[in-house]
Amino acid sequence: MLNFMRSKTVGVEQKDGQTLVARGALMDDIYGMRLEVTVRLPDLTITAIQGHLDRYTTPECPQADVFLQEAVGLKVDDPEFPRQVHRSIWRRSCQHYASLLVECGESLRGTAQILKQEAEKARDEEQAGKSETAPKARTASFGRPPRPVKVGKRARGRGEGFVIDLHVHTSQASPCSSAPVDELIRQAKRSGLDAVCLTDHNHVWNPDAVEELRRKHDFLVLRGNEVTTDQGDMLVYGLDKEIKGITPLAQLRQDVLAAGAFMAAAHPFRGFLLLGVGGLGLTVERAVERELFAMVDGLEIRNGKVTAEENAFAQQVAETLGLPALGGSDAHQVGEVGRYATCFEEPVRNEEELVAALRSGRYSVLDFGAD
């Protein structure tokens, strides 16, 4: 029997008011590596980077330590950052180092957004004379009563309901992914999924290409998009518009409404618990006050790229706001597909039905377990 284990983790520390440090590690049965990436605030420029290889297989891998230094001076919030890393490190030395560096960049960017939002909120509350101990109830103004979120466990294989991984990335369209679309779909079928939704970063797949994938694999492939906004990443379904760079969330919301699409906040608390909830003074009552929650249709409460604590916190926020809850693997590697998924009560046959199903709220989140 073949046994294989892979673990990738990233943690972020705020050293002072001007510096963030991300520490990432990738460990499996073949490779072992660590990265420490230091960035300057507020422009998120890399000022220092240090790597350490514990295990590797090719003579090119150690050369990555030299190419890593070419990342000094890059800005991790630049939309071209993943491509810059791939051109320098992936193609010339070690793809695993490159993938880990991109993950560190995403975590640093997310952490910086969190710090900015918290600082802006604190200034607004101070100007308005609000008390930190008595925030306004978000549910009252939002108009939705709190409701419990269903999260189920399931073993691999078919079961009741129609199960879709709503959040995956392909190497063809997301520079940070190492998952070829054909292999990703084959893994989705092996995982017992009924469909998979391609949500590459700021990219909408050509409908003809997706239809060809459906015929080739005899499997339902759907289109979505993970859009980078000034208030975090958003999963959008039913919007046939390619948006480049960082877009204002308010503008994206207008596009979503005009198209009758559905938008959910992706991994809405990624990085919060890496900084420490206590240190930020973050509670569910404070979290639901974030402006972005008034502009989304749902929250991703199970994501394969964040901690269990961050997923649990997102679930509490979704329940408090009464917002629909989604699950997706956020797969960037083939073996990650289907880690989390969303189980719909009725079958979905196309993208129009997917949007209608998401709006219905008749679905639950599935956790397929660690393997």
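Which residues are buried in helix 5 (residues 181-190)? They are V181, D182, L184, I185, Q187 and A188. Buried means under 20% relative accessible area, exposed over 50%, and partly exposed in between, with a 1.4 Å probe and protein chains only.

## Basis

This is a predicted model, in which local features need pLDDT of at least 70, side-chain atom pairs count only at pLDDT 80 or more, and totals for chains, interfaces and linings use all residues. Residues are numbered from 1 along each chain as its sequence is written, and side-chain values use heavy atoms, with hydrogens and water left out.

Helices (H or I, at least four residues) and strands (E, at least two) are DSSP runs, numbered from the N terminus. Contact means heavy atoms within 4.5 Å.

## Around helix 5

The cover over the buried residues of helix 5 includes strand 6 (162-168), strand 7 (195-198), helix 6 and strand 8. G192 follows helix 5 and has a positive phi, near 85°.

H217 belongs to helix 6. H217 is buried, at a relative accessible area of 7%. Not counting residues up to four places away in sequence, H217 touches D182, I185, R186 and K189. K189 and H217 are 28 residues apart along the chain, and their C-alpha atoms are separated by 9.1 Å.

D218 is found in the loop between helix 6 (207-217) and strand 8 (220-223). Its phi is near 50°, a positive value in a residue other than glycine. D218 is exposed, with a relative accessible area of 68%.

Strand 14 (residues 340-344) has five of its five residues buried, so it is largely enclosed by the rest of the structure. Y340, T342 and F344 point one way, while A341 and C343 point the other way.

Two strands pair if DSSP finds at least two bridges between them. Strand 6 and strand 14 run antiparallel and are joined by three bridges. F344 in strand 14 is the bridge partner of F162. Strand 14 also runs antiparallel to strand 15 (residues 363-367), with five bridges. There, S364 in strand 15 is the bridge partner of C343.

## Strands 10 to 12

Strand 10 and strand 11 run antiparallel, joined by four bridges. M234 stands opposite A265 in strand 11. Strand 11 pairs with strand 12 (residues 298-303) in the parallel sense, over two bridges. A264 stands opposite G298 in strand 12.

From strand 11 (residues 262-265), F262 and A264 point one way and M263 and A265 the other way. All of these are buried.

## Nonpolar cores

In soluble globular proteins, nonpolar side chains tend to be buried together. Here, a nonpolar core is a set of buried Ala, Val, Leu, Ile, Met, Phe, Trp, Tyr and Cys residues joined through side-chain atoms within 4.5 Å. The largest such core has 34 residues. L20, V37, V39, I89, Y97, L101 and L108 have the most contacts inside it. Strand 1 (6-16), strand 2 (19-28), strand 3 (32-40), strand 4 (45-55), helix 1 (64-68), helix 2 (81-90) and helix 3 each supply at least two of its residues. Helix 3 gives the most, with nine residues.

Leaving aside its neighbours within four places in sequence, V37 is in contact with L20, V21, A22, I46, A48, I49, L101, C104 and L108. Another core, of 31 residues, lies apart from the largest one. V227, I301, A314 and V317 are among its members.

Most residues other than glycine have a negative phi, and most peptide bonds are trans. A cis peptide bond joins L41 and P42, with omega about 5°. P42 lies in the loop between strand 3 and strand 4. L44 lies in the loop between strand 3 and strand 4. Phi of L44 is near 60°, a positive value in a residue other than glycine. L44 counts as buried, at 4% relative accessibility.

## Cavities

A cavity is a set of points, on a 1 Å grid over the protein atoms alone, where a 1.4 Å probe fits but cannot get out. Lining residues have an atom within 4 Å of a point. Grid points are joined across faces, edges and corners, and a volume is the space filled by probe spheres set on the points. The structure holds three cavities of 30 Å³ or more. The largest cavity contains about 170 Å³ of space.

Its lining has 18 residues, with Q113, G232, D233, H267 and P268 nearest the centre. Helix 3 (95-128) and strand 10 (232-237) are the elements that give two or more residues to this lining. Helix 3 supplies the largest share, six residues.

How values were computed. 1 Å grid on protein atoms, 1.4 Å probe; cavity = no way out; pocket = protein on both sides within 12 Å on 5 of 7 lines; lining within 4 Å.
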